[in-house]
Amino acid sequence: MNGHEGHGKMELHDEHAVRAGPLKGHDGNHHQKMMADYRKRFFVSIIVTIPILLLSPLIQAVFGVEEVISFPGELHVLLLLSSVLHLYGGYPFLKGIITELQDRQPGMMTLIAVAITVAYLYSAAVVLALPGKIFFWELATLIDVMLLGHWIEMRSVMGASQALEELVKLMPSQAHRIVGGDQTEDVPVEELKVGDNVLIKPGEKVPVDGEILEGESSLDESMLTGESIPVSKSGGDEVLGGSVNHEGALMVEIKKTGAASYLAQVVDMVKKAQESRSRAQDLANRAALYLT
């Protein structure tokens, strides 16, 4: 996803940063707007493509409807519709080639932009003066397919982002910190420190990673580990922040906070995976360069 990189790494220094969400704010809005833009351009392009297909000489010849659809000046109408599609539907790729060339990394956007531009300019020249064949319907269908592909890609990115947001919602905002041996005080989770003891009542979520000092219960860790069956826990066992305590009260000593916690590491790992380029993507970009 060359065109969607470089949105910045997420810093996870405390539980507040984890709960803030990996793609909130600028990043989340950016991906949402891009997905909406590709969706809109795809459907508008599909509408414009229909008359382009009907007016294309090759399509008319294949279906034997030349005499039914043909009219004086049809090629100029075809040129006008294709110009609209090239500029509107092809805009993301025309913009992408500029970015890739500025970065000196020609890739898929460059390949698509060159393909649709060559097809458009040559076909326009044929309509206006030169002898030859026009490629407007190929131009239109290529733009449609590429817009659909990028729309699906952005939907997958947003789906992963929303899944991460659901993960960070697992973290409670407050915890019952034990003070004076047997007293508790409600404090924000971000104020907890390694070594603090907290009380987790039945039905509550574990605020941060820790180790059980007293008590016995079963915890639902399905959203964290995928384990659908509640896991029995007792003294000395590890508990993960975000898991749900079922029937018993637990006294837990805090062992990890902030970026060191299990949930923070999962969120950070997925975020980095979203921002990094895969080997397959690098290979595709190199192939696109050679094809260009």
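This is a predicted model: local features need pLDDT of at least 70, side-chain atom pairs count only at pLDDT 80 or more; totals for chains, interfaces and linings use all residues.
1. Helices (H or I, at least four residues) and strands (E, at least two) are DSSP runs, numbered from the N terminus. An α-helix has 3.6 residues a turn, so residues three or four places apart point the same way. The 15 residues of α5 should span 21 Å at 1.5 Å a residue, and this agrees with its end C-alpha atoms, which are 21 Å apart; the expected span of a helix is 1.5 Å times one less than its number of residues.

2. Local features need pLDDT of at least 70 and side-chain atom pairs count only at pLDDT 80 or more, while totals for chains, interfaces and linings use all residues. Residues are numbered from 1 along each chain as its sequence is written, and side-chain values use heavy atoms, with hydrogens and water left out.

3. Leaving aside neighbours within four places in sequence, leucine 139 is in contact (heavy atoms within 4.5 Å) with Ser82, His86, Ile116, Ala119 and Tyr120.

4. An open sheet is formed by 6 strands in the order β2-β1-β3-β9-β4-β7, with antiparallel pairing; two strands pair if DSSP finds at least two bridges between them. Because β2 and β7 (238-239) stand at the edges, each with a single partner strand, one side of each is left without a neighbour in the sheet. The antiparallel pairing of β1 and β2 runs over 6 bridges, and histidine 176 stands opposite aspartate 186 in β2.

5. The structure holds 5 salt bridges, a salt bridge being a side-chain nitrogen of Lys or Arg within 4 Å of a carboxyl oxygen of Asp or Glu. In one of them, the side chains of arginine 177 and glutamate 185 meet at 2.9 Å, N to O; arginine 177 is buried at 17% relative accessible area, whereas glutamate 185 is partly exposed at 31%. Arginine 177 also forms a salt bridge with aspartate 196, the closest N and O atoms being 3.6 Å apart. This pair links distant parts of the chain, since arginine 177 is in strand β1 (residues 174-179) and aspartate 196 is in the loop between β2 (183-188) and β3 (197-200), 19 residues apart.

6. Asparagine 245 has its place in strand β8 (residues 244-245) and is buried, with a relative accessible area of 0%. A polar atom of its side chain lies 2.5 Å from the backbone oxygen of glycine 248. Not counting residues up to four places away in sequence, asparagine 245 touches several residues, among them Ile200, Pro202, Ser217 and Leu250.

Conventions. Buried means under 20% relative accessible area, exposed over 50%, partly exposed in between (1.4 Å probe, protein chains only). A polar contact is a pair of N or O atoms within 3.5 Å; within protein, one must be able to donate a hydrogen and the other to accept it, and residues adjacent in sequence count only if both atoms are side-chain atoms.
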